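This report describes one protein model for a reader who is new to structures. Please look at the sequence and the model before reading on.

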Amino acid sequence: MSERDRDGLLAEAIGLREQGQAEEARERLLMLAAGHPEDAEVAYQTAWVHDVLGLEAEAVPFYERSLRGAGLPEEDRRGALLGLGSTYRVLGRCTKAVETLRLGVAEFPEDGALQSFLAMALFNTGQHHEAVQILLRLIATTSQDAYVQRYRRAIEHYARDLDETL
């Protein structure tokens, strides 16, 4: 299959997924993935469509392949890290979720979604203190709520040391 054919089929599959025709997109993407096993972008799109269909366990190897491969655009890498971390969490593989989402937050520290999913995975692994710290910092820095902004400095201060008392 030529690169042009690959690009056309990939665009078609993405369009089908975006139009709510995930099963049809999955069929095309599985065919593409079989023909391009080292293609990170194809692997990512294949993982994504499996997630859309609620086939999380089937999504994992495609997410992992997409992150191992070269040439994944930055925005897709961000999505793959979030998707894989979230999928690990849903499957009860919370330690792997934390590991993956920490990598995502390290690479994309401004991404509030990655931080939120990391906080959930930390909660699931019993790391409640760090989970609350992350969420408090996120609320303080991203909330447009006037009352949150009024107390932003205090929220950020206590996020650094939740145990501080007089």
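Tyr 44 and Tyr 63 are both buried, where buried means under 20% relative accessible area, exposed means over 50%, and partly exposed lies in between (1.4 Å probe, protein chains only). The model is predicted, so local features need pLDDT of at least 70 and side-chain atom pairs count only at pLDDT 80 or more, while totals for chains, interfaces and linings use all residues. Residues are numbered from 1 along each chain as its sequence is written, and side-chain values use heavy atoms, with hydrogens and water left out.

**The aromatic cluster**

The structure holds two aromatic pairs. Rings of Phe, Tyr and Trp (its six-membered ring) pair if their centres lie within 6.5 Å; planes under 30 degrees apart count as stacked, over 60 as edge-to-face and the rest as tilted.

| Pair | Centre to centre | Angle between planes | Class |
|---|---|---|---|
| Tyr 44 and Trp 48 | 5.6 Å | 40° | tilted |
| Tyr 44 and Tyr 63 | 6.5 Å | 50° | tilted |

Tyr 44 lies in helix 3 and Tyr 63 in helix 4 (residues 56-68), so this pair ties together parts that are 19 residues apart in sequence. Tyr 44 and Trp 48 both belong to helix 3 (residues 40-52) and sit four residues apart, about one turn of the helix. Tyr 44 has 6% relative accessibility and counts as buried, whereas Trp 48, at 31%, counts as partly exposed. Tyr 44, Trp 48 and Tyr 63 form one aromatic cluster.

**A residue in helix 8**

Gln 133 is found in helix 8 (residues 128-142). Its relative accessible area is 13%, so Gln 133 is buried. The side chain of Gln 133 reaches the backbone oxygen of Ala 159 at 2.8 Å; a polar contact is a pair of N or O atoms within 3.5 Å, and within protein one must be able to donate a hydrogen and the other to accept it, with residues adjacent in sequence counting only if both atoms are side-chain atoms. Leaving aside neighbours within four places in sequence, Gln 133 is in contact (heavy atoms within 4.5 Å) with Ala 159, Arg 160, Asp 161 and Leu 162.

**The whole chain**

The protein chain has 10 helices and zero strands; helices (H or I, at least four residues) and strands (E, at least two) are DSSP runs, numbered from the N terminus. Its C-alpha atoms fill a box of roughly 70 × 30 × 25 Å, taken along the principal axes. Of the 166 residues in the protein chain, 40% are buried.
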